[in-house]
Amino acid sequence: MTDHTSRLSGFATATRAERLGVLAERLGGDAEAVSLLERLGPVDGELVDRMIENAIGVMPVPLGLATNMIVDGREMLVPMATEESSVIAAVCNSAKRCRATGGFQTSYAGSLTIAQVQLCGLSDPHRARLEILGREDEIRVICDEVDPQLTSLGGGLRGLEVRILPTRAGIMVVVHLIVDTRDAMGANAVNTMAETVAPTLASWTGARPLLRILSNLADRRLTRARAVWPAAEIGGPEVVEAMLLGAEFAEADPYRAATHNKGIMNGISAVVLATGNDTRAIEAGAHAFAAQNGCYGPLTHWECTEEGSLAGTIEVPLSLGIVGGATRIHPVAQLCLKILGTDSAEALSRITAAVGLAQNFGALRALATDGIQKGHMALHAQNVAIVAGATGDEIEFVAAKLRQGGRVTEAKARKILDFLRA
Ligand code: MEV
């Protein structure tokens with residue numbers, strides 16, 4: 001591949017079959033290798049081509065169902081798309097252990113999305129700020145005209161903030177359009193509003209408008225969940241104490257907090273992906289929120305109740321949608337929403353936050369007791385067997401032997417496979 005130019009003239013307008021032809025040529029005429037990309041599963045070729053540019057195929061990620069979840073009193077099956085073993089098992093297990101206390105209770109701050117307009121070159125930023133704040137009604141009219149359908153559904157501009165931002169390139173004025181995007185993630189609606197209103201803001205203030213884009217620090221779309229795990233369900237008071245110490249580690253140390261939050265996002269991103277939402281927007285928002293106090297910290301907090309149970313809370317910004325984007329056009333995302341039985345972005349956000357908390361409980365419990373590798377490797381053994389070349393019935397045979405023998409390595413899997421085949 002590296003000996004060839006990366007200029008592929010006409011690639012963007014070629015059909016997918018033609019693109020695969022080009023690719024096969026690049027791989028030394030290996031048409032069989034690229035034939036893998038001909039199979040698109042439940043997604044049709046036209047959709048793939050409409051969703052992204054230069055499409056050559058799909059990258060299937062396993063989709064599983066998390067069981068045992070009760071969210072706000074409702075029994076749920078939660079679809080999760082992830083390539084990582086143990087993630088779904090951890091959610092199922094954690095959810096099972098808090099069923100007796102009612103599962104997860106959640107709350108939702110609303111679907112307010114922020115779009116930013118950057119205004120530069122102002123010598124009198126405070127005057128400009130007051131000018132803009134004084135004309136909120138006019139701004140609302142301009143913004144709401146952008147998306148009449150959103151307004152008819154109860155959405156539209158809900159607030160205005162004007163910040164004075166000292167930067168290395170001088171003072172800037174940053175306008176926040178705070179828009180209720182209802183059941184949409186809202187990027188398209190608020191970006192169009194920001195682009196539409198920017199020239200007017202410039203004409204009022206004499207500023208040079210520059211960037212006009214939503215903020216992924218979606219701190220007006222916070223979703224919260226809480227659950228209580230009785231000590232008896234999780235191995236007794238010693239495990240509660242060990243888990244609390246593990247959680248305190250994340251409170252005190254950003255190195256640990258990053259990993260703690262990564263585990264939470266294992267759960268959250270899997271639901272986000274399964275429902276066709278934007279995983280990067282959610283990840284960026286979550287990590288920015290985790291650092292909002294000036295020091296990166298955990299998204300969950302853990303405490304011991306008077307009864308000695310372990311209680312966990314999560315608070316996380318979730319800009320999720322059930323209309324628009326891939327959610328609306330991807331057949332598997334549609335099916336996942338149907339499985340969830342959700343009819344609003346709010347319901348989806350509540351479930352997603354609960355999954356994040358469940359995931360964190362599972363990771364903390366494993367880490368504070370046996371360590372993460374025991375359970376992880378037991379599940380991972382099958383992957384290792386496949387990597388070593390096992391197929392069909394051989395996979396479980398090799399995986400079982402790997403699990404018995406302590407360390408799970410590819411070399412060991414190969415030896416077991418050789419022995420089996422001999
Ligand atoms: C691994 O994908 C996630 C964990 O590292 C999370 C954690 O440490 O809390 C196990």
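A pocket is an open set of grid points with protein on both sides within 12 Å along at least five of seven lines. The views below come from a predicted model.

**View 1. The largest pocket and its lining.** The largest pocket has a volume of about 1,400 Å³. It is lined by 44 residues, and Met51, Gly276, Ala326, Thr327 and His330 are the closest to its centre. Two or more lining residues come from each of helix 3 (45-51), helix 7 (148-152), helix 8 (187-205), helix 11, helix 12 (279-290), helix 13 (325-329) and helix 14 (331-340). Helix 8 gives the largest share, four residues. By class, the lining consists of 24 nonpolar, 14 polar and six charged residues.

**View 2. Helix 11 packed against helix 15.** Helix 11 spans residues 254-274 and helix 15 spans residues 345-368; their axes lie 8 Å apart, at an angle of about 135°. Helix 11 is therefore oblique to helix 15. The crossing of the two is right-handed. On the helix 11 side, the contact is formed by Arg256, His260, Gly263, Ile264, Asn266, Gly267, Ile268, Val271 and Val272. These meet Leu348, Thr352, Val355, Gly356, Gln359, Asn360, Leu364 and Leu367 of helix 15. Eight residues of this contact are nonpolar, eight are polar and one is charged.

**View 3. Helix 10 packed against helix 15.** Helix 10 (residues 237-252) crosses helix 15 at roughly 110°, and the axes come within 9 Å. Angles of 65 to 115 degrees count as roughly perpendicular, so helix 10 and helix 15 are roughly perpendicular to each other. Val239, Ala242, Met243, Gly246 and Ala247 of helix 10 make the contact with Phe361, Leu364, Arg365 and Ala368 of helix 15. The contact comprises seven nonpolar residues, one polar and one charged. Leu364 of helix 15 takes part here and also in the contact with helix 11.

**View 4. Helix 11 packed against helix 12.** The axes of helix 11 and helix 12 cross at roughly 150° and come within 10 Å. The two helices are therefore roughly antiparallel to each other. Their crossing is right-handed. From helix 11, Asn261, Met265, Ile268, Ser269, Val272 and Leu273 take part, facing Thr279, Ile282, Glu283, Ala286, His287 and Ala290 of helix 12. Seven of the contact residues are nonpolar, four are polar and one is charged. Ile268 and Val272 of helix 11 belong to this contact and also to the contact with helix 15.

Definitions and conventions:
Residues are numbered from 1 along each chain as its sequence is written. This is a predicted model: local features need pLDDT of at least 70, side-chain atom pairs count only at pLDDT 80 or more; totals for chains, interfaces and linings use all residues. Side-chain values use heavy atoms; hydrogens and water are left out. Axes are lines fitted to C-alpha atoms, for helices over the stretch in contact, and angles run from 0 to 180 degrees between N-to-C directions. Angles under 35 degrees count as roughly parallel, over 145 as roughly antiparallel, 65 to 115 as roughly perpendicular and the rest as oblique. A crossing is left-handed if the near helix is turned anticlockwise from the far one by less than a right angle, and right-handed if clockwise. Contact means heavy atoms within 4.5 Å. Ala, Val, Leu, Ile, Met, Phe, Trp, Tyr, Cys and Pro count as nonpolar, Asp, Glu, Lys and Arg as charged, and the others, Gly among them, as polar. On a 1 Å grid over the protein atoms alone, a cavity is a set of points where a 1.4 Å probe fits but cannot get out, and a pocket is an open set with protein on both sides within 12 Å along at least five of seven lines; lining residues have an atom within 4 Å of a point. Grid points are joined across faces, edges and corners, and a volume is the space filled by probe spheres set on the points.
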